[in-house]
Amino acid sequence: MSTHTDAVGVDTGSCPLMPTYGPPSVMFVRGEGCWLWDRNDTRYLDFLSGIAVVSLGHAHPRVAEAVAEQARTLCHVSNLYATEPQMHVARTIDRLVGGPPGQVFFANSGAESNECAIKLARRWAGHGRYTVISAGRSFHGRTLATLHATGQAEKHEVFQPLPEGFRHVPWDDLAELEKAIDDSTAAVLLEPIQGEGGINVPSDGYLQAVRELCDDRGLLFMLDEVQTGLARTGRWFAHHHDGVEPDVVTMAKALGNGMPIGACWARADVAASFKPGDHATTFGGQPLAASAAKATLAVMEELDLPARAAAAGEKMRSAVEALDGVASVRGRGLLLGVELAEERPAAEVVTAGMDAGLVLGTAGTTSLRIAPPLIISDDEIAHGVAVLDKVLKS
């Protein structure tokens, strides 16, 4: 067996991790604010924040202290019992979503939050109505059900047969959505801004039209805000830009600023469709993760993070749009998709950026994904854009 070690010091002949991701090029050991350090003490500016997760930056002291204190107090009791952090976070989420009163189910991830939404839709609609319609190029998770809800056929093939009950229509096409509805349809599930599909913003009025269509046909309107939720786009939730009131909203990434926690919010009368035993998870909303979420949401509100994200996003967009090698910039707030000129492979730019000390992501084959911590400063924006400029010119 080979004993060669790769760039992160892992024996490539006996790596303990399953090969579900590409070989890592860097091993990070420390983070602070918008910066990361690798095992060689090289510093990187983080323009990805763990894929829109650490919105308050790495190792935020308030979140760290909340987790440490909770770990010394109470880590887990199961959902057979209530805990204060869980109840506090549920009430805060309900207030931030706005609109009619709702209730929350806590999960461990975005995929699990969407699984809850899918099961809730079937429970609400009743036997015979089980189909969920979603959009092409969408992304809703990696479990078998959320994988089929994901509108990317290339991800489906090797895992066939997938659970039935999912149908895909072109993104931002109301006519095709209406044609796809039949007697088996229970709900429509959309991202208010597509994330992995390319940071695609819907046309004006589309989400409102979908809301009206769902009302007319007696369907649930469910929004996947796993990546867009909690200030990322310049509002608490991306659907607030469009003035719509969904029946179900899922969230995760930013909720715990790095601690694994997700949530499915539903309008109270919809949530009431669930009965004891219909759905559960051992670790969902346990005190340790919920304490992180409680601290995260408190700091977000104190900083008025939606306003900060909106202002910083305008600065970032203007600076990136001016770069040679950039064809266009899509998105809202600090969730931006950068379309590269001449169809340059985005993965190559990400690799070159890492070599230059800038962490970037992809959103499609020719688009970069920029989603830094929402606390990013003007100087850090300028520094990161300057590095990106050099990378694109190289």
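**Two helices and beyond**

Modeller: Helix α11 (residues 346-355) packs against helix α12 (residues 378-393) at an angle of about 125 degrees, and their axes are 10 Å apart. That angle makes α11 oblique to α12, since angles under 35 degrees count as roughly parallel, over 145 as roughly antiparallel, 65 to 115 as roughly perpendicular and the rest as oblique. Axes are lines fitted to C-alpha atoms, for helices over the stretch in contact, and angles run from 0 to 180 degrees between N-to-C directions. Helices (H or I, at least four residues) and strands (E, at least two) are DSSP runs, numbered from the N terminus.

Keep in mind that this is a predicted model: local features need pLDDT of at least 70, side-chain atom pairs count only at pLDDT 80 or more, and totals for chains, interfaces and linings use all residues. Residues are numbered from 1 along each chain as its sequence is written, and side-chain values use heavy atoms, with hydrogens and water left out.

Back to the pair. On the α11 side, Val349, Ala352 and Gly353 make the contact; α12 brings Leu388, Val391 and Leu392 (contact means heavy atoms within 4.5 Å). By class, this contact has five nonpolar, one polar and no charged residues (Ala, Val, Leu, Ile, Met, Phe, Trp, Tyr, Cys and Pro count as nonpolar, Asp, Glu, Lys and Arg as charged, and the others, Gly among them, as polar).

Now a second pair. The axes of helix α3 (residues 84-97) and helix α9 (residues 287-303) come within 8 Å and cross at roughly 40 degrees. That makes α3 oblique to α9. Here the crossing is left-handed. From α3, residues including Glu84, His88, Val89, Ile93 and Arg95 take part; among those they meet in α9 are Ala290, Lys294, Leu297 and Glu301. The residues of this contact divide into eight nonpolar, four polar and four charged.

Next, some single residues. Ser184 sits in the loop between α6 (174-180) and β7 (185-190). Ser184 is buried, at a relative accessible area of 14% (buried means under 20%, exposed over 50%, partly exposed in between, with a 1.4 Å probe and protein chains only). Its side chain joins that of Asp182 in a polar contact of 2.7 Å (a pair of N or O atoms within 3.5 Å; within protein, one must be able to donate a hydrogen and the other to accept it, and residues adjacent in sequence count only if both atoms are side-chain atoms). Beyond four places in sequence, Ser184 touches Gly128, Arg129, Tyr130, Thr131 and Arg167.

His148 lies in helix α5 (residues 144-149). At 15% relative accessibility, His148 is buried too. The His148 side chain reaches the backbone oxygen of Pro163 at 2.6 Å. Setting aside neighbours within four places in sequence, His148 contacts His156, Leu162, Pro163, Phe166 and His168.

Trp124 belongs to helix α4 (residues 110-125). Trp124 is partly exposed, at 28% relative accessibility. Trp124 and Asp269 are 145 residues apart along the chain, yet their C-alpha atoms are separated by 9.4 Å.

The C-alpha atoms of Gly31 and Ala175, 144 residues apart along the chain, are separated by 47 Å.

Technical notes:
A crossing is left-handed if the near helix is turned anticlockwise from the far one by less than a right angle, and right-handed if clockwise.
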